[in-house]
Amino acid sequence: MKTYNKIILLISAFFLFISCEGELDQVNPSKATEATFWQTENDFNLALTSCYTPLKNALNGGYYGTRGVMLRIARADEVEFRNDISEVYTVHRFTNSNTNSLVQGMFYQIYNALYRTNSIMQELEKKNFSVDFKNTVRAEALFIRGYYLFVLGKEFKDAPLRLTASQDPETFPLAKSTQKEIYEQAIKDLTEAASLLPMTNIPGKPTKGSALGFLGKIYLYMENWQEAKNTLEPLTRTPYTYRLMQDFNWNFDEAHENNEESLFEILIEDLGGDDVWGNGENINSTQSNTRPKEYAAAEVDGWYEATPTQHMMDIFLKEKDKEGNVDYRARMSAAWNYEGCTYYMKPFQEVFKDKLDTHWILKYQNWQTLEAEPSTAKSYINERALRFAEIILMLAEAELELGNIPASISYINQIRERANLNPYGGAQTSNAVKEELIHQRAVEFFVEGERFYDLRRWGLLKDELQKQDPIRATNFSDKFYYFPIPAKELQTNELCTPSDGW
């Protein structure tokens, strides 16, 4: 069951308070301002909760919101988007400009959250709360800020690094910091957060393991293999209790949320109002998302915005399991015309009588519990932001880059065993094991928002795009490795310069 509901329900109230300006000189007791809000421990808990809502903003670039997920998967080779949502489609086809509203939305959602975490830490220093409470608040604020900084560097490369909350116009102009500087600040934040966070926490709140997991991921992105190993390896043994779920599909349904494979989840809940396109902060916004409705076929009342590419299907079909079946992860991630395939509780061939050559996304869909997606478009499946499977495969990569091939294979075999595959039997060479690692990550993390960044950091993006769609590959140039600093930021921040190539 999902918890943490009461705090989620108070998000709207908090933002109604701080956004309202009194028209009379007297203080309205039902509304709060920056001057009157930061009084109690509960105020700080509400403020911390507010830091997660920019992640879920549906239409304006929330990283785990409907359109934010689309932006993250659109640039890889795993799905084909149809020309329905222009801001997504231009990103998908590498024809977007620095005026793309969704990319701009993602950029400002990041800074929105940074402002909030900075405000919390600045105001916290002024209070005489207990040391324990201050450490609890600071730990979570640092975790959130460190995570958003990682996203900032990962998506925009060089960008302004704002570490204070200020409404003084003189502080608004700020030159870009390098990606390395942004990552280094994220490392500093997550390291301190890990030292203060608890081993366990309520769902939706970070733990020591959450912070270490993202910290290790940043080291991996920076190709600091030894630090990645040093950071991630402790997560595989006591006192940590993370493990791979017996059933891979339990990571993408509502029934098995917050399980032992999950290091951090974004709560998607049946709360709030009826506006699925709200920002999560006004009183009529839902706390749900529309991911299943977006990708389901029209035959089950979906909007069929994207489907697996043939290139991805070829990857899925590359290897059979011990019983001669297609990789279980593929069968739980996509639907196509094979014997026994079901789609929204009916045989595939019954649903797609005249479209038997099509294939459809299953991961994060309601295909095992509903016969069709509801007209409300609401879904309540939590977004798994970091899974133990990724810790295992990041360790496999770190060990491989450090020259420890047997250790790398041992980690890969944990993933293969869960998928009912035979142990790795290929050549024990760096190149061969790297190919196996690339394959495992492609299958394991389909539409989880990892593929583009993996191919980019491995230098394989252009080649895989060429295999998937030569026209897309022709459109691609080096500037598309990162999103551009939005035109709006360049217009309002005179010290900020355009991204490389833009």
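F348 is buried, as is F352, where buried stands for under 20% relative accessible area, exposed for over 50% and partly exposed for the range in between (1.4 Å probe, protein chains only). The model is a predicted one, in which local features need pLDDT of at least 70 and side-chain atom pairs count only at pLDDT 80 or more, while totals for chains, interfaces and linings use all residues. Residues are numbered from 1 along each chain as its sequence is written, and side-chain values use heavy atoms, with hydrogens and water left out.

Aromatic contacts come next. Rings of Phe, Tyr and Trp (its six-membered ring) are taken as a pair if their centres lie within 6.5 Å; planes under 30 degrees apart are called stacked, over 60 edge-to-face and the rest tilted. By this rule there are 35 aromatic pairs. In one of them, F37 and W38, the ring centres are 5.1 Å apart and the planes stand at 80 degrees, so the pair is edge-to-face. F37 and W38 are both buried. For F348 and F352 the centres are 4.7 Å apart and the planes at 45 degrees, so this pair is tilted. One aromatic cluster is formed by Y52, F143, Y147, Y148, F214 and F264.

Two rings also carry a charge over the face, a term that asks for NZ of Lys or CZ of Arg within 6 Å of the ring centre and within 35 degrees of the ring normal. The charged end of R72 sits over the ring of Y64, 4.6 Å from its centre. K154 lies over the face of Y453, with 4.4 Å to the ring centre.

Y453 belongs to helix α20 (residues 451-458), where R451, F452, D454, L455, R456, R457 and W458 are buried along with Y453. Helices (H or I, at least four residues) and strands (E, at least two) are DSSP runs numbered from the N terminus. Helix α20 is mostly covered, with eight of its eight residues buried. After α20 comes G459, whose phi is positive, near 75 degrees.

Strand β4 (residues 262-266) is likewise mostly covered: five of its five residues are buried. Two strands pair if DSSP finds at least two bridges between them, and β4 pairs with strand β12 (residues 383-387) in the antiparallel sense over four bridges. I266 has E383 in β12 as its bridge partner.

E383 also leads back to Y64: their C-alpha atoms are separated by 7.0 Å, although the two residues are 319 residues apart along the chain. Y64 lies in the loop between α5 (53-56) and α6 (66-74). Its relative accessibility is 6%, so Y64 counts as buried. With 40% relative accessibility, D84 counts as partly exposed.

Grid points are joined across faces, edges and corners, and a volume is the space filled by probe spheres set on the points. For residue classes, Ala, Val, Leu, Ile, Met, Phe, Trp, Tyr, Cys and Pro count as nonpolar, Asp, Glu, Lys and Arg as charged, and the others, Gly among them, as polar.

The largest pocket holds about 790 Å³ of space. Its lining has 31 residues, with Y111, Y115, R162, S166 and Q167 nearest the centre. Helix α8 gives the largest share of this lining, 10 residues. By class, the lining of the largest pocket has 16 nonpolar, 10 polar and five charged residues. The second largest pocket has about 410 Å³. Its lining counts 19 residues, and M199, N201, T207, Y242 and S262 are the closest to its centre.

Six cavities of 30 Å³ or more are found. The largest cavity has about 130 Å³ of space. Among its 18 lining residues, Y64, K217, A385, E448 and E450 lie nearest the centre. Two or more lining residues come from each of α9 (131-156), α11 (208-221) and β12. The lining of the largest cavity divides into nine nonpolar, one polar and eight charged residues.

Methods: On a 1 Å grid over the protein atoms alone, a cavity is a set of points where a 1.4 Å probe fits but cannot get out, and a pocket is an open set with protein on both sides within 12 Å along at least five of seven lines; lining residues have an atom within 4 Å of a point.
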